[in-house]
Amino acid sequence: MTEFGYPRQLRLLTAGDFQKVFDGVTVKVPDQKILILARHNGLEHPRLGFVISKKNVRRAVKRNHVRRIIRESFRLNQQNLPPVDMIILARPGLGDISACDLHRLAEKCWSRLNKKSKHVLNKQD
């Protein structure tokens with residue numbers, strides 16, 4: 001049976017976890033509204049963290065809404081994602097798009113992350 005939970009081990013929790021990703025980015029997935037920075041983690045599962053500033057998404061309610069939708073998309077797609085630590089960085093205008101569009105954006109980014117991650121792994125071998 002496939003697990004679709006979102007336990008603590010699937011999250012970037014400490015400042016050290018975030019710093020490792022920022023210092024050793026191996027995969028970048030840019031988009032107009034978000035940027036995903038990723039680094040292979042040596043584990044068997046992906047981990048997720050968010051950096052959504054007030055400057056880019058003004059209202060706290062909207063920042064939480066964005067997190068909730070991307071987290072749900074991650075939870076449903078975690079079995080298909082490579083074992084990387086990833087940080088989702090918000091860009092201006094992210095808070096202005098609808099929930100449906102945000103979900104589609106997340107799906108597109110997961111697909112691009114998979115492709116780029118495989119490409120980087122093949123280069124390293």
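A residue is called buried here when its relative accessible area is under 20%, and exposed when that area is over 50%. The model is a predicted one, and the values below are computed from it.

By that cut-off, helix 2 has these buried residues: Arg63, Val66, Ile69, Ile70, Ser73, Phe74 and Asn77. Viewed along the axis of helix 2, they fall within an arc of 135°, so they line one face of the helix. The helix itself has 18 residues and reaches 26 Å from its first C-alpha to its last, close to the 26 Å expected at 1.5 Å a residue.

Strands of a sheet pair through backbone hydrogen bonds, in either the parallel or the antiparallel sense. For strand 3 and strand 4 the sense is parallel, over 5 bridges. Gly49, for instance, has Ile87 of strand 4 as its bridge partner.

Helix 1 covers residues 15–23, and its buried residues are Asp17, Phe18 and Val21. These three cover an arc of only 95° around the axis, which puts them on the same side of helix 1. They pack against strand 2, strand 3 and strand 4. The face turned away from this buried side carries the exposed residues Ala15, Lys20 and Asp23. Asp17 is an acidic residue in the buried set; because its relative accessibility is 13% and the limit is 20%, Asp17 counts as buried. Leaving out residues up to four places away in sequence, Asp17 touches Leu12 and Arg47.

In soluble globular proteins, nonpolar side chains tend to be buried together. The largest nonpolar core in this model has 29 residues, and the members that touch the most others are Met86, Leu94, Trp110 and Leu113. Two or more residues each come from strand 1 (27–30), strand 2 (34–40), strand 3 (47–51), helix 2 (60–77), strand 4 (84–90) and helix 3 (99–124). Helix 3 gives the largest share, 7 residues. Apart from this core there is a second, separate one of 7 residues, which includes Phe18, Val21, Leu37 and Leu89. Two of these names, Phe18 and Val21, are also among the buried residues of helix 1.

Leu94 shows how one member of the largest core is surrounded. Setting aside neighbours within four places in sequence, Leu94 is in contact with Lys33, Ile34, Val57, Val66, Leu102 and Leu105. Of these contacts, Val66 is one of the buried residues of helix 2.

Methods: Residues numbered from 1 in each chain as written. Predicted model: local features only at pLDDT ≥ 70, side-chain atom pairs only at ≥ 80, totals over all residues. Heavy atoms only, no water. Core = buried A, V, L, I, M, F, W, Y, C linked by side-chain atoms within 4.5 Å. Buried < 20%, exposed > 50% of the residue type's maximum accessible area, 1.4 Å probe, protein only. Helix = DSSP H or I, 4+ residues; strand = E, 2+ residues; numbered from the N terminus. Contact = heavy atoms within 4.5 Å. Arc of directions from axis to C-beta. Pairing = 2+ DSSP bridges. Expected span 1.5 Å × (residues − 1).
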